Amino acid sequence: MANVTFSSPVMAKDITVYAVAGDRGTLVAVAKEHKIPLPFDCQDGECGSCLCEIKHLGDVKNAIALTEKEKELLKQLGKITKEEIENAEVNDMPPRYRLACQYFVRNEDIVVCFEGDQTLPAKGPHITHAASRFKGGTEINTVADFLGYAVKVEEDAAVHYEELAAAMETCGNHRVATLFRQLGGFSRRHLAEAKAKAGTLDPTKSVPPDYAWPNHVTPERASIWAADSTLSRIDALKAALQGEKRGYEFYCAVAATSKTPEVVTLAKEFVKEEADHVKVLEAWVTREEWDVKHAMA
């Protein structure tokens, strides 16, 4: 057994739980089991939302094998040093910061410190005031209609990212193709979440036609210039960010204009989720700009 203490300013007090060492359970799984508000999104080491600091209470730290995926994301977040990487590769020694979804509980007592999603800034994304006051377009007043729109938004985004990935592979831009496939995977997860919210309702019966959208396409479809064969990774991220911001503004408008309380409540849930997606992409853009700047220095 291992004592795992969770500590965070978002919690009223530290909470210590018992975890079975070696059962292949990650820190995210332990947190979910004990209802600890540890943030997480992809649960696959892709987004960095479950970043945490691990403090070992014993004198001896158990050896670890840091995966390339976790190592790369910690580098992008600026949470691992060259010395820590070398120590992890040569001596299998754990770094100070880890991704909770990649950390498997060992037979040692630890303190897990987290401050919330480190990929997200404290403030919500900036949008024009018009988004919350928008009175035009299609007013959505039934839950079935709203979920039909939501499913269409996420499905179109996933298909579009997958098409862009294929186009980038064809022209040999493998780095951006990998990024678009990753973004398509995120959209597939969001699509599954939208369908799960539908429950017994069939959202496919209320799928809006193309002409229902202001530009005849759903808001999260990335900009047309995202198909440029010479696209850089940072430009691809910015194209994706534009689409996510349009999705965020769309749900803001629904929440502001619908006359049905149930639709407003659902729309506000999607507003929060889209705000998270926007902030993650903004963090990726910032990190990529930093990497490009220092690579040229």
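A cavity, on a 1 Å grid over the protein atoms alone, is a set of points where a 1.4 Å probe fits but cannot get out, and its lining residues have an atom within 4 Å of a point. Grid points are joined across faces, edges and corners, and a volume is the space filled by probe spheres set on the points.

This is a predicted model, where local features need pLDDT of at least 70, side-chain atom pairs count only at pLDDT 80 or more, and totals for chains, interfaces and linings use all residues. Residues are numbered from 1 along each chain as its sequence is written, and side-chain values use heavy atoms, with hydrogens and water left out.

**View A. A look at the largest cavity.** Searching the whole structure turns up one cavity of 30 Å³ or more. The largest cavity holds about 40 Å³ of space. Around it sit Glu154, His190, Glu193, Ala194, Phe270, Glu273, Glu274 and His277. Two elements, α6 (174-198) and α8 (261-296), each give two or more residues to this lining, and α8 has the largest share with four. Helices here are DSSP runs of H or I with at least four residues, strands are runs of E with at least two, and both are numbered from the N terminus. Sorted by class, the lining has two nonpolar, two polar and four charged residues.

**View B. The open sheet.** Five strands line up in the order β2-β1-β5-β3-β4, with mixed pairing. Two strands count as paired if DSSP finds at least two bridges between them. Because β2 (15-19) and β4 each have a single partner strand, they stand at the edges, and one side of each is left without a neighbour in the sheet. On average, neighbouring strands are turned by 35° against each other, direction ignored.

**View C. Where β3 meets β4.** These two strands run antiparallel and are joined by three bridges. Look for cysteine 52, which stands opposite arginine 98 in β4.

**View D. Two loop residues with a positive phi.** Most residues other than glycine have a negative phi. Lysine 35 isn't a glycine, yet its phi is positive, about 60°. You'll find lysine 35 in the loop between α1 (27-33) and β3 (51-56). Aspartate 92 isn't a glycine either, and has a positive phi of about 55°; its loop runs between α3 (82-91) and β4 (97-99). Lysine 35 counts as exposed because its relative accessibility is 74%, while aspartate 92, at 34%, counts as partly exposed. With a 1.4 Å probe and protein chains only, exposed means over 50% relative accessible area, buried under 20%, and partly exposed in between.

Key. Axes fitted to C-alpha atoms, helices over the stretch in contact; angles between N-to-C directions. 1 Å grid on protein atoms, 1.4 Å probe; cavity = no way out; pocket = protein on both sides within 12 Å on 5 of 7 lines; lining within 4 Å. Nonpolar A, V, L, I, M, F, W, Y, C, P; charged D, E, K, R; others polar.
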